[in-house]
Amino acid sequence: MTAETITLSADATIHPRWVRVCHWINALAILVMIGSGWQIYNASPLFDFTFSESIALGRWLAGALLWHFAAMWVLVINGIVYVTLGILTGRFRRKLLPIRPSEVVADVKAALTFKLAHDDLSHYNAVQKLLYSGVILAGVVIVLSGLSIWKPVQFQELTALFGGYDTARYVHFFAMAAIVGFLIVHVALALIVPRSLRAMVTGR
Amino acid sequence: MRQRRIIPGVDPKLLIKDAARLMPDASRRGFLRGAASLGALTFLTGCDIIDGDTAEGVLRKVSEFNDGAQAAIFSRTKLAPTYPESAITRPFPFNGFYDEDDAPEVNGETYKLEVAGLVDNKKPWTLKELYALPEVSQITRHICVEGWSAIGSWQGTPLSEFLRRVGADTRAKYVWFKCAEGYTNTIDMPTALHPQTQMTFKFANQVLPRSYGFPMKIRIPTKLGFKNPKYVVAMEVTNTDKGGYWEDKGYNWFSGL
């Protein structure tokens, strides 16, 4: 594929179909995982707070666990498809790399002074690159730490990698917090720039 | 007198409230519902297939699928990590669906373990006979379905050794346990035969105290805590899944670690 055709296809479609399908499946799965995860957290809180029942899924621990271990299949299978295609098609490399610290600083400043341009949705600014790469990484960490909590005997080498069972619970929690933090910014920005929401639905 | 000093990071009040909180209502039906959850899911899917009964049915199917997935990744030879004595959690937490004061008091003098089902010898076992079985020891991590964990020290005889002695048909699918207070539990045969699955008579080299399941607990470090029955008075080798106290209320059946 020549540079020209890449530019042309990028002009026509901002997000290819596989990105949009994976995005919305992931959106549903991650919301179920977070909501049920909060209910599971409430059964044995790591910190001096619990999540309100009004935002926790599953009604009680057993219900939440059923949701969590059902949605995990959707999250993981969809995540594997997404990351594999992201790497194989070169989309991750094209869209997310390189991330230069100087550009991140400049773009954060621009964003905070409302000067960050969003004219070309097919091109990610440095802050977007950092956030999207970061949330993909958080996704990998949350799945691996989750596996190490779920199967600390069968996958004990993985659990050990996270510093043991108890520490893996904290890692899992902070990965959730990072993803929720991302979601708040992500959804807020999508609402501020509705064209970006449309692009993730129709592709353009 | 009740002691409620529990492990760091665990709110003692939560453990006390176990029974009340874990069981939202007397009837099991509809436990997955709840206005908020239902609303959220209806919002997310834009349709009402997520009504309580349908969702519950689908989730139970997935949970059964997860039983199979866990059985497939369960290794008969992989051992749960063991720890030094210094790592033992003291005091080791009491846990149950009732308060510690209400834990069963089993009379060791008259106690007899009933053995039933697909075994050659159904003779009941006195405590004295059980204590005479070969003893092994393990210091392993007890992991509760709620998420907290604690390291304990357990001594007893491998369940596989006992099953061999009573002439159990180890091609059977399950071993079912009944406890003094009515608690029940079914485990899969591969787990029953795992080298660390133990008929436990001692905690930290002392006769199992009442709070930890006197006179006998089944210690299974490859399963969540609620699959480790205490106050066991009967066991049955069977091809019928007879369920269990928490499993019947919605916890995953296999609950492997």
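**Arg60(B)**

I began with Arg60(B), which counts as partly exposed because it has 16 C-beta neighbours inside 10 Å. For that label I used these cut-offs: buried means 20 or more other C-beta atoms within 10 Å of a residue's own, exposed means 12 or fewer, partly exposed is in between, and C-beta atoms are placed from the backbone. Arg60(B) sits in helix α4 of chain B.

Residues are numbered from 1 along each chain as its sequence is written, while chains are lettered from A and ligands numbered from 1 in the order in which they are written.

**Pro93(B)**

Is Pro93(B) buried or exposed? I found it buried, because 23 other C-beta atoms lie within 10 Å. Pro93(B) belongs to the loop between α4 and β1 (112-117) of chain B. Its C-alpha is separated by 23 Å from that of Thr157(B), 64 residues apart from it along the chain.

**Chain B as a whole**

I counted seven helices and ten strands in chain B; helices (H or I, at least four residues) and strands (E, at least two) are DSSP runs, numbered from the N terminus. Of its 257 residues, 39% are buried. The domain assignment, which is automatic or from a database, gives domain 1 (32-72) and domain 2 (74-249). Their C-alpha centres are 32 Å apart.

**A sheet in chain B**

Next I traced an open sheet of five strands in the order β2-β1-β10-β5-β6, with mixed pairing; strands pair if DSSP finds at least two bridges between them. Which strands stand at the edges? They are β2 (125-126) and β6 (184-188) of chain B, each with a single partner strand, so one side of each has no neighbour in the sheet. Further in, β1(B) and β10 (residues 232-238) of chain B run parallel, joined by four bridges. Val115(B) is opposite Met235(B) in β10(B).

Beyond four places in sequence, Met33(A) is in contact (C-beta atoms, placed from the backbone, within 7 Å) with His68(A), Ala71(A), Met72(A) and Leu75(A).

**Helix α3(A)**

Helix α3 of chain A covers residues 61-88, 28 residues in total, and reaches 39 Å from first C-alpha to last. That is close to the 40 Å expected at 1.5 Å a residue, taken as 1.5 Å times one less than the number of residues. After α3(A) comes Gly90(A), with a positive phi near 80°.

**Confidence in chain A**

Last, I checked pLDDT, the predictor's confidence in each residue from 0 to 100. Chain A has a mean of 91, and 94% of its residues reach 70 or more. Confidence is lowest in helix α1 (residues 3-12), at a mean of 48, and highest in helix α7 (residues 156-161), at 98. Over residues 1-10 of chain A pLDDT stays under 50. Where pLDDT is low, the predicted coordinates should not be read in detail.

Methods
Predicted model: local features only at pLDDT ≥ 70, side-chain atom pairs only at ≥ 80, totals over all residues. Contact = placed C-beta atoms within 7 Å.
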